[in-house]
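Me: I'd like to learn how to read a fold from its strands, helices and contacts. Can you take me through one, feature by feature?

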Amino acid sequence: MKKVILKGFIIVPTADLPAVKKALISHKELTRNEPGCLMFNVTQSEFNLNRFDVYEEFIDRTAFEQHQTRVENSAWGRASANVQRHYEIFD
């Protein structure tokens with residue numbers, strides 16, 4: 001098993017900020033409780049309120065892909081549909 005790490009940031013359109021911040025609360029909790037999630041941090045920048053830094057670790061590619069599948073059909077997936085994603089994935 002090889003750990004998968006995702007790191008980077010998202011840029012949230014101003015009009016979507018309230019919905020994204022609300023959905024992020026449960027998204028963090030659900031993700032941290034997923035089997036195989038080692039770490040999940042999403043933090044709003046102090047200097048650019050539209051930027052959220054993202055860092056994720058999963059035990060392996062399978063756990064990471066299961067997370068991605070869950071997110072596609074979630075409240076978070078709908079709320080964050082318009083965000084710009086800037087990620088690097090390492091495994």
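Me: Let's begin with a pair of strands. Which residue of β3 is the bridge partner of L6?

Reply: In β3, L6 has E56 as its bridge partner. Strands here are DSSP runs of E with at least two residues, helices are runs of H or I with at least four residues, and both are numbered from the N terminus. Two strands pair if DSSP finds at least two bridges between them. For β1 and β3 the count is eight bridges, and the two strands run antiparallel. Another pair across these strands is I10, which stands opposite F52 in β3.

Me: Before we go on, what sort of model is this, and how are residues numbered?

Reply: It's a predicted model, where local features need pLDDT of at least 70, side-chain atom pairs count only at pLDDT 80 or more, and totals for chains, interfaces and linings use all residues. Residues are numbered from 1 along each chain as its sequence is written, and side-chain values use heavy atoms, with hydrogens and water left out.

Me: Good. What is the strand order in the sheet?

Reply: The order is β2-β3-β1-β4, an open sheet of four strands with antiparallel pairing. At the edges sit β2 and β4 (84–90), each of which pairs on one side only. Neighbouring strands are turned by 10 degrees against each other on average, direction ignored. For angles in general, axes are lines fitted to C-alpha atoms, for helices over the stretch in contact, and the values run from 0 to 180 degrees between N-to-C directions.

Me: How many bridges join β1 to β4?

Reply: Seven bridges link β1 (residues 4–11) with β4, and the strands run antiparallel. V42 stands opposite V54 in β3, and a hairpin of six residues joins β2 to β3.

Me: What about the loop there: is N50 buried or exposed?

Reply: N50, in the loop between β2 and β3, is buried because its relative accessible area is 18%. The cut-offs are under 20% for buried, over 50% for exposed, and partly exposed in between (1.4 Å probe, protein chains only). Leaving out residues up to four places away in sequence, N50 touches I10, I11, V12, P13, T14 and L17, where contact means heavy atoms within 4.5 Å. Its side chain also makes a polar contact with the side chain of T14 at 3.1 Å. A polar contact is a pair of N or O atoms within 3.5 Å; within protein, one must be able to donate a hydrogen and the other to accept it, and residues adjacent in sequence count only if both atoms are side-chain atoms.

Me: Which polar contacts does the side chain of E57 make?

Reply: E57 is in strand β3 (residues 51–58). Its side chain meets the side chain of K3 at 3.3 Å and that of Y55 at 2.4 Å. With 11% relative accessibility, E57 counts as buried.

Me: Now the helices. How do I check the length of α1?

Reply: Compare its span with the expected one, which is 1.5 Å times one less than its number of residues. The 16 residues of α1 (residues 17–32) should span 22 Å, and the end C-alpha atoms are 22 Å apart, so the two agree. There is still a kink of about 30 degrees centred on L24; the bend at a residue is the angle between axes fitted to the seven residues ending there and the seven starting there.

Me: Which residues of α1 are buried, and what covers them?

Reply: An α-helix has 3.6 residues a turn, so residues three or four places apart point the same way. In α1 the buried residues are L17, V20, A23, L24, H27 and T31. Their cover includes β2 (37–44), β3, α2 (61–72) and α3 (75–79).

Me: And where does α2 lie?

Reply: α2 lies across β1, β2, β3 and β4, at about 135 degrees to β3. H67 is in this helix and counts as buried, at 2% relative accessibility. Among the residues H67 touches are H27, T31, F40 and E56.
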